[in-house]
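Reader: I would like a close look at one part of this model. Please take the helix packing and the sheet beside it, step by step.

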Amino acid sequence: MPGGRLTQQERQQIALGLADGLAYAEIARRLDRPTSTITREVMRNGGPTAYRADLAHRATERRAHRRRRTTPRDSNTPAQAHGRDADAVREYEEAFTTLLMQQGLPKMMSRVLTCLYTTDDGSLTASELVRRLQVSPASISKAITFLESQGLIRRERDERRRERYLVDNDVFYESMIAAARSNAQLAETARQGVGVLGPGTPAAVRLENIARFVDFVSESLTRAAEQARDVLYTKPETD
C-alpha cells in the first residue's frame with residue numbers, strides 16, 4: 001500500500017530495478033510508491049551500487065526493535081546468565097547477524113552461527129536452535145548442512161546420544177585454513193586459463209596475475225593462521 005512500510009518483496013523489486021539500471025521514479029511507478037520513498041530507502045541502505053534487499057529489510061527490523069525496547073519486558077522472558085541484560089544481548093545478536101550477512105552468509109545461516117557463538121557452551125542441539133530462533137526444524141537442518149560444509153561448525157554426540165552442533169577454537173582455525181584452500185583452488189583454476197587463452201595474451205596475463213595474487217594471499221593467510229593459532233586458546237589475564 002502506498003504510504004505503508006515497504007515489504008521484503010518490494011525491496012527485492014527495488015534491488016532488481018537498480019540492477020537493471022532503472023531510475024528511482026520508474027521503480028516507484030512500478031511499485032505504486034512515491035519516488036521519495038524509493039530514494040530514501042536506497043540511500044539509507046548503501047546507495048544504488050550496494051543496496052541489498054535482505055540487509056535493508058533487516059535494518060528496518062532492527063530499527064523497529066529498538067523502538068519497541070521502551071515496552072516493558074515480558075515477565076515470562078527467561079533470565080540471562082551472568083546477569084546479562086536481555087535487550088542488550090538481543091541487540092548485539094542482531095548486529096552480529098547483520099555483519100555476517102554483509103560478509104555473504106545467508107540470513108538463516110548467519111542467525112544459527114550467531115546463536116552458537118553467543119552461547120556460553122558454544123554448543124546447541126537442533127531442537128534448542130529451533131526453540132531459540134523460533135524457526136522450523138527444516139530451516140535449522142538446511143543451515144547446519146551449509147555451515148558444516150563450509151567448516152564453520154562441527155557436530156558431535158553428547159552423553160545422551162543427542163547430536164550437538166558447536167563452534168570452538170579449532171573450528172575457527174579450520175575455517176581459516178578452509179578459506180585458504182578455497183583461494184588456492186581459485187588460483188589453480190585461473191592459471192589453467194592461461195594455457196587455454198594463450199600465454200602472453202591480455203586475458204592470459206590478467207589470469208596469471210590473479211593467480212599470483214591469490215597464491216600470495218592464500219599462503220599468507222595459512223602462515224598467519226598457524227602463527228596465531230595459540231591466540232585462540234589464550235585466557236584473559238585477571239587481576
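Author: What follows goes through the helix contacts and then the sheet. The model is predicted.

Start with helix α6, residues 107–117, and helix α8, residues 137–149. Their axes come within 9 Å and cross at roughly 80°. An angle of 65 to 115 degrees counts as roughly perpendicular, so α6 and α8 are roughly perpendicular to each other. On the α6 side, Met108, Met109, Val112 and Leu113 make the contact. On the α8 side, the contact residues are Ser139, Ile140, Lys142, Ala143, Ile144, Phe146 and Leu147. By class, this contact has nine nonpolar residues, one polar and one charged.

Now turn to α6 and helix α7, residues 126–133. Here the axes come within 11 Å and cross at roughly 105°. That makes α6 roughly perpendicular to α7 as well. Arg111, Val112 and Cys115 of α6 meet Leu129, Arg132 and Leu133 of α7. This contact has four nonpolar and two charged residues, with no polar ones.

Last, the pairing of β1 with β3, residues 163–166. These two strands pair over three bridges, in the antiparallel sense. Ser123 stands opposite Leu166 in β3.

Key
Residues are numbered from 1 along each chain as its sequence is written. This is a predicted model: local features need pLDDT of at least 70, side-chain atom pairs count only at pLDDT 80 or more; totals for chains, interfaces and linings use all residues. Side-chain values use heavy atoms; hydrogens and water are left out. Axes are lines fitted to C-alpha atoms, for helices over the stretch in contact, and angles run from 0 to 180 degrees between N-to-C directions. Helices (H or I, at least four residues) and strands (E, at least two) are DSSP runs, numbered from the N terminus. Angles under 35 degrees count as roughly parallel, over 145 as roughly antiparallel, 65 to 115 as roughly perpendicular and the rest as oblique. Contact means heavy atoms within 4.5 Å. Ala, Val, Leu, Ile, Met, Phe, Trp, Tyr, Cys and Pro count as nonpolar, Asp, Glu, Lys and Arg as charged, and the others, Gly among them, as polar. Two strands pair if DSSP finds at least two bridges between them.
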